[in-house]
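Subject: The two-chain model, and what turned up in it

Hi,

Here is the structure I promised to pass on. Have it open while you read, and my notes follow below.

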Amino acid sequence: MSITILKPGFMCSIQDLGRRGFQQYGIPISGAMDMQAAKTANRICGNEDEDALLECTLHGTEILIQDTTVFSITGGGSTAILNGQKIPFNKQIKAIAGSIIKLLPSPIGFYAYLAFAGGLKTSLDLGSSSTYNLAALGGKNGKPLEQNDRIELKNSKPNIQHANIVINEHGFGISNWKSTVPQLPHVNDLVEIKCHKGPEWDLFEERSTSAWFNSIFIISQHANRMGFQLEGAQLEKKEKKEMISTAVTKGIVQVTNHGTPIVLMADAQTIGGYPRIGRIFNDDINLLAQCRPGTKIKFVSI
Amino acid sequence: MECTRIYSIHDQAITFEFAEIISEEINLHIISLKNAIEDHPFNGFIECVPAYSSLTVYFHNNMDKNEVIKIVNSYNSKLNTNNSTSNNKIITIPVCYEMGEDLSIVTSQLNLSEEEVIRLHSEQSYRVFMIGFTPGFPYMGTLPKVLEMERKKTPSLNIQSGSVAIAGKQTGIYPTNSPGGWHVIGRTPVNMFDKKRTPACFLQAGDIVQFKPITKRAFEQYL
């Protein structure tokens, strides 16, 4: 049982729920950008939450299914086409050997998750298959997926293998039921994200703290698995004071010396030295992860 | 030693700050507290991240934040700073200084000879305050005052793995090829990070390091 990457698209990498216990060695947690969507994809396929799956950034990915299998696609950032037909997200889909999945552009969301029944058969680095390119950890040889990469699948549970899905003339079938999921942001939306005051909130000028909760920020083109840089009001400190580096993690909003805020995401560095104006409400990090560059954000105080 | 500030960086992560200065005494206390927690982990504990003057504790969402603060505070109050165990074993790291690509900039800016820079950098030992920046990168100190130098105005795009560098009061080793703003004064053949090794990181916070100058020939033989 296996799949082959025909085209990786913008970026396609193997992820799971991340790597825990190694942050004291400078190794980030990593894992899926939208943890909820990743868990949903696995659950639809009868997998464990921890099973490895594919994370696809926006569109362009093409995958060949080598052997008949059940899979699911969740999250957003693309429209999914299977053997030339549009398929729904958040459903169980059974496709025959030789089927091809293509991800085409869509204005909604940023990251899609493709789970295959049984999960991807991957080797673990420090307890996780999550790809962390900088230290060549996880994934396929520590890198995002490339053309012609072949990934083996583990055996799925018998109830999934024999799922009662009728195959249509296009070589696939879709479950009747659908997983309920939160609505994902459209690129033209103004998205409200709840945010706590950060540890260095008091170091910032009142004009800047007021701008943080009252003005609109835009996700810049510099948005990747490490962090989302934001465009908008320049955030100034009351006085020039160097901070002593301390631990940071996913959801922390650092402000660079140029006054630019950066929200740290899944591959967040473990230690940082910039003042932190905010901390994203944990339950909203998945929503923020689905806001692609260009999306307008309003931070709401909690 | 009392915490000066306790704050959340995540719903499941609390930072215990002990000072806003870099001090070996405070870092020693932080490592002792980390060891105490790791030796007797509480229910729901995930991991600790020591930094210069703070310890961050990560825990599962079944734990209440105030409960974790109470537990860590009780560990802290039981620590007697005098009893803080310093790992006195000195780890020797060979360095080929002639391979330091910025050595000439350093000597001219500090108005020292190459021999003096090498002697000053290698004659004392350093404390590993924390690991961060990239996997396995040790932040070590405290550098002799005469070797203090500002970071490069423009960071170098590709610093070779094994590069031994200095910045301010600190010295460090780049574990992988990466960009960086510190001045490189030498290179070590020791692999700082190897995922197939246990532990993957050559150094950890609290270790004491002594650099030993070696020739380029010895460097090549080491590999």
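Predicted model: local features only at pLDDT ≥ 70, side-chain atom pairs only at ≥ 80, totals over all residues.

β9(B) and β10(B) make a hairpin with 2 residues between them, and B:Gly168 in the turn has a positive phi of about 55°.

Zooming out, these strands belong to an open sheet of 7 strands in chain B, in the order β5-β13-β6-β7-β10-β9-β12, with mixed pairing. The edge strands, which pair on one side only, are β5 (90-95) and β12 (183-187) of chain B. On average, neighbouring strands of the sheet are turned by 35° against each other, direction ignored.

Now the domains of chain B. The assignment gives domain 1 (5-83) and domain 2 (90-222), and their centres, taken over C-alpha atoms, are separated by 29 Å. Each domain puts 7 residues into the contact between them. On the domain 1 side, helix α1 (residues 24-39) of chain B gives the most, with 3 residues. By class, that side has 5 nonpolar, 1 polar and 1 charged residues.

One loop residue in chain B is worth a click: B:Asn43, between α1 and β3 (45-50). Is B:Asn43 buried or exposed? It counts as exposed, because it has 10 C-beta neighbours inside 10 Å and the cut-off for exposed is 12 or fewer. The C-alpha atoms of B:Asn43 and B:Met63 are separated by 7.9 Å, although the two are 20 residues apart along the chain.

Chain A is divided as well, into domain 1 (2-174) and domain 2 (190-301), with C-alpha centres 29 Å apart. Here 20 residues of domain 1 are in contact with 13 residues of domain 2. Helix α1 (residues 35-44) of chain A gives the most to the domain 1 side, with 3 residues. That side has 10 nonpolar, 9 polar and 1 charged residues.

As for where the chains meet, 26 residues of chain A are in contact with 33 residues of chain B. The chain A side has 12 nonpolar, 11 polar and 3 charged residues.

Last, the core. The largest nonpolar core has 135 residues, and A:Ala41, A:Tyr113 and A:Leu114 touch the most other members. Strand β10 (residues 111-116) of chain A supplies the largest share, 6 residues. Neighbours within four places in sequence aside, A:Leu114 is in contact with A:Ala41, A:Leu53, A:Leu54, A:Cys56, A:Phe71 and A:Ile73. As background, nonpolar side chains tend to be buried together in soluble globular proteins.

Cheers

Key
Residues numbered from 1 in each chain as written. Chains lettered and ligands numbered in written order. Core = buried A, V, L, I, M, F, W, Y, C linked by C-beta atoms within 7 Å. Buried ≥ 20, exposed ≤ 12 C-beta atoms within 10 Å, placed from the backbone. Helix = DSSP H or I, 4+ residues; strand = E, 2+ residues; numbered from the N terminus. Contact = placed C-beta atoms within 7 Å. Pairing = 2+ DSSP bridges. Axes fitted to C-alpha atoms, helices over the stretch in contact; angles between N-to-C directions. Domains from an automatic or database assignment. Nonpolar A, V, L, I, M, F, W, Y, C, P; charged D, E, K, R; others polar.
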